[in-house]
Amino acid sequence: MRNLFTALGKAFFRNFASWHDLVAFWGEIACSLALVVRNPKKLRWKNFFYYMDMCGASALGIVLLICFLMGITIAFQAAIQMRKFGTEIFVADLTGFSMLKEFGPLMVALIATGRAGSSFAAEIGSMKAEEEISALTTMGISPVRYLVVPKLLAMVIAMPALIVFGDIAGLAGGLAVGVGFLELTAETYISRTAEVLTPLTFLLGVLKGVFFGAMIALVGCWEGFRSSPDSQGVGRAATRAVVRSILLLIIIDTVITIIYSFWGY
C-alpha cells in the first residue's frame with residue numbers, strides 16, 4: 001500500500017511539473033509575441049522567411065497533388081450514388097462543400113503536421129541535445145523568442161495560403177470527374193459550383209488554417225523542448241509531436257465544425 005501511494009505521489013508531482021512548464025511556455029510565447037508586435041526588429045526575419053519557405057512553398061507540390069486526388073475520390077464516390085437518381089450535377093455541391101469546409105483544411109493540416117511539426121520537434125530536440133538552448137539562455141537570448149516565434153508566425157501565415165491552393169486543387173479534381181466520368185460540360189460544372197459555394201464558405205474553411213497552423217507549431221516546439229538530450233529522445237519527440245498534433249487536429253476541427261453548424265454554416 002505504501003508503494004502505491006508513493007507511485008501516485010510521484011505521478012502527481014510529475015504531471016504538476018509538466019503543467020507548470022506548459023503554462024510557463026505559453027506565458028513566454030505571449031510575452032515574446034507582444035514584444036515582437038511592439039518592436040518588429042526583435043523578430044528573426046531571416047528565420048521567419050526560412051520557415052515560410054519550408055512550411056509554405058516547399059509543401060505546395062504535395063498539397064496540390066493530395067488535394068487534387070482527394071477531390072477526385074470524393075467526386076467519384078458521389079457520382080456513383082448520384083447516378084442512381086439522375087442527379088449527377090449535385091456532385092459539384094458535395095465535392096465543393098466537402099473540400100472547402102472539411103477535407104481541404106484537414107488534409108493540408110495533416111501534411112503540415114508530418115512535414116513541419118515533426119521537423120520543429122526534431123530541430124529543437126537536437127539543439128537541446130547539443131546544449132545550444134542552454135547557450136542561448138546563457139547569452140541572455142530567449143529560446144522561445146528565438147526559436148518558437150518565427151515558426152509560429154510562419155505556420156499561421158502559410159497554412160491559410162496552402163489551404164487556398166488545396167481547395168482549388170480539390171475543386172479541379174471534382175471538375176475532372178464531372179467532365180471525364182459524368183460527361184458534364186466544364187461550363188455547367190463550374191457554374192453549378194459557383195452557384196452553391198459562397199465566399200463565406202471559402203473563408204470559413206481558410207480560417208481553420210489559422211488555428212491548425214498555430215497548434216501544429218506550438219505542439220512541435222513544445223515536444224522539442226521536452227525531449228531528452230539524446231538521439232532517441234529526439235526521435236521520440238518528433239513522434240509525439242505528430243501523434244498529438246493529429247489528435248488535436250481532429251478535436252479542433254470537430255469543435256470548429258460544431259460552432260459553424262450552430263451559426264448556420
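**Close-up views of a predicted helical model**

**View 1. Cysteines C31 and C67 stand apart from other cysteine sulfurs.** With a relative accessible area of 56%, C31 is exposed (over 50%; buried is under 20%, partly exposed lies in between; 1.4 Å probe, protein chains only). The sulfur of C31 is 17 Å from the closest cysteine sulfur, which belongs to C221, and this is too far for a bond. C67 likewise is in no disulfide, the nearest cysteine sulfur being that of C55, 16 Å away. C67 is buried, at a relative accessible area of 0%. The count of disulfides (pairs of cysteine sulfur atoms within 2.5 Å) comes to zero.

The model is predicted: local features need pLDDT of at least 70 and side-chain atom pairs count only at pLDDT 80 or more, while totals for chains, interfaces and linings use all residues. Residues are numbered from 1 along each chain as its sequence is written, and side-chain values use heavy atoms, with hydrogens and water left out.

**View 2. The largest nonpolar core comprises 50 residues.** Such a core is a set of buried Ala, Val, Leu, Ile, Met, Phe, Trp, Tyr and Cys residues joined through side-chain atoms within 4.5 Å. F25, F120, M155 and M159 have the most contacts inside this core. Among the elements that give two or more residues to the core are helix 1 (2–38), helix 4 (91–129), helix 6 (143–180) and helix 8 (199–226); helices are DSSP runs (H or I, at least four residues) numbered from the N terminus. Helix 6 supplies the largest share, twelve residues. F25 touches (heavy atoms within 4.5 Å) V144, V148, L218, C221, W222 and F225, not counting residues up to four places away in sequence.

**View 3. Helix 4 packs against helix 6.** The angle is about 145° and the axes are 8 Å apart; axes are lines fitted to C-alpha atoms over the stretch in contact, and angles run from 0 to 180 degrees between N-to-C directions. The residues of this contact divide into 16 nonpolar, six polar and three charged. Here Ala, Val, Leu, Ile, Met, Phe, Trp, Tyr, Cys and Pro count as nonpolar, Asp, Glu, Lys and Arg as charged, and the others, Gly among them, as polar.

**View 4. E131 and E183 have positive phi values.** E131, in the loop between helix 4 and helix 5, has a phi of about 65° although it is not a glycine. E131 is exposed, at 56% relative accessible area. E183 lies in the loop between helix 6 and helix 7 (186–196), and its phi is near 60°. At 68% relative accessibility, E183 is also exposed.
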